[in-house]
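Work through the exercises below with the sequence and the model in view. Try each task before reading its solution.

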Amino acid sequence: MIDFAEIERLDFRGTESRSRIDAVLGEVAGFAETRTAAELAGILQKKQQALPSLRDALTPLIVKFQTLALPLLTDDQVVDLVRNIGLIIADERISMYERLRARLLILPPSRRQGLSQKILAVLRASPEPLGTSPVHYRGKEFPATVGSWVELFERLGGPANPSALFALPDFQKLPDELDHAVRHLIHIVPLLLTPESVEGQMATKPGRPSRQLSTEPAVPPNLP
């Protein structure tokens, strides 16, 4: 059981408190405790408001706990969360794919379409860094950002040709952590491009995505 009072007492300025909250994050993710995650995100947001100097330290934690609570968020909160997607998809404990899918599933088709388009617009325009060097395709240089990876995925055929992006030389050169992050980003995009068929887009293989040309998303087994 999570001790909320303990979390409120943490100062987040030292390594001990950060290690503790990271352990709590792993525990909440492992048991898929969406409501607990939402409460913890709220505690951290209040602490951030009270202590602006902790903003940089607390923002990644807030984003991650909000992601674990994603099925409970409003549409606007989901869109805001996606603006920080780079902080989410590099953490292997968090399955953005399944949580976003669960959020879309509870919506009627018209709202599902509308939310998907809003999220796509954020991703396509995102300047958030997600790579170590520019990406090259047909003589053009793209900055290594979330928006560039999404643009390339769509240019190369999107869901109709998912392996094309992963075959690019610049993708093959990515270190493991960035390879993982880009794959998870790209697993999410088809959910948004074809939201009307989200019920049939099932994740089937748990574990970490490999460097093979596969679009199987990594999904922990204990998700809601």
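**Exercise 1. The chain as a whole**

What percentage of the 224 residues in the chain do buried residues make up? Also describe the secondary structure and the contacts of the chain.

Solution. 
1. The model is a predicted one.
2. Buried residues account for 49% of the 224 residues.
3. The secondary structure consists of 12 helices and two strands.
4. Reading from the N terminus, the order of the elements is α-α-α-α-α-α-α-α-β-β-α-α-α-α.
5. Take the contacts between residues at least 6 apart in sequence: 65% of them join residues at least 24 apart.

**Exercise 2. Two packed helices**

Determine how helix α2 and helix α4 are oriented relative to each other.

Solution. 
1. Two packed helices are described by the angle between their axes and the distance between the axes.
2. Helix α2 covers residues 15-31 and helix α4 covers residues 55-68; the angle between them is about 10°, and their axes are 10 Å apart.
3. Angles under 35 degrees count as roughly parallel.
4. Therefore α2 and α4 are roughly parallel to each other.
5. On the α2 side the contact is made by R18, I21, V24, L25, V28 and A29, and on the α4 side by A57, L61, K64, F65 and L68.

**Exercise 3. Salt bridges**

How many salt bridges does the structure hold? Examine the pairs R103 with D75, R101 with E98, and E154 with R124.

Solution. 
1. There are 11 salt bridges in the structure.
2. In the pair R103 and D75, the closest N and O atoms are 2.8 Å apart.
3. R103 and D75 are both buried.
4. For R101 and E98 the closest N and O atoms are 3.9 Å apart. A salt bridge is counted within 4 Å.
5. R101 and E98 both sit in helix α7, three residues apart, which is about one turn of the helix. Both residues are buried.
6. E154 and R124 have their closest N and O atoms 2.8 Å apart. This pair links distant parts of the chain, with E154 in helix α9 (residues 146-155) and R124 in helix α8, 30 residues apart.
7. E154 has 27% relative accessibility and counts as partly exposed; R124, with a relative accessible area of 40%, is also partly exposed.

**Exercise 4. The largest nonpolar core**

Which residues of the largest nonpolar core touch the most other members?

Solution. 
1. In soluble globular proteins, nonpolar side chains tend to be buried together.
2. The largest nonpolar core has 69 residues, and those touching the most other members are I7, F65, I119, L123, W149, L165 and L185.
3. Helix α12 (residues 176-193) supplies the largest share of this core, nine residues.
4. Leaving out residues up to four places away in sequence, W149 touches L130, V135, L165, F171, L174, V182, L185 and I186.

**Exercise 5. Buried, partly exposed or exposed?**

Classify S116, Q45 and R138, and describe where each is placed.

Solution. 
1. Under 20% relative accessible area a residue is buried, over 50% exposed, and in between partly exposed.
2. S116 has a relative accessible area of 0%, so S116 is buried. S116 is part of helix α8 (residues 109-125).
3. A polar atom of the S116 side chain lies 2.8 Å from the backbone oxygen of R112. Not counting residues up to four places away in sequence, S116 touches L104, L191, L192 and P195.
4. Q45 has 31% relative accessibility, so Q45 is partly exposed. Q45 is in helix α3 (residues 34-50).
5. Beyond residues up to four places away in sequence, Q45 touches I62 and Q66. From Q45 to V63 the C-alpha distance is 9.9 Å, and the two are 18 residues apart in sequence.
6. R138 has a relative accessible area of 75%, so R138 is exposed.
7. R138 is located in the loop between β1 (135-137) and β2 (140-142). R138 is not a glycine, yet its phi is positive, about 50°.

Notes. Residues numbered from 1 in each chain as written. Predicted model: local features only at pLDDT ≥ 70, side-chain atom pairs only at ≥ 80, totals over all residues. Heavy atoms only, no water. Helix = DSSP H or I, 4+ residues; strand = E, 2+ residues; numbered from the N terminus. Buried < 20%, exposed > 50% of the residue type's maximum accessible area, 1.4 Å probe, protein only. Polar contact = N/O pair within 3.5 Å; in protein donor to acceptor, adjacent residues only side chain to side chain. Contact = heavy atoms within 4.5 Å. Salt bridge = Lys/Arg side-chain N within 4 Å of Asp/Glu carboxyl O. Core = buried A, V, L, I, M, F, W, Y, C linked by side-chain atoms within 4.5 Å. Axes fitted to C-alpha atoms, helices over the stretch in contact; angles between N-to-C directions. Parallel < 35°, antiparallel > 145°, perpendicular 65-115°, else oblique.
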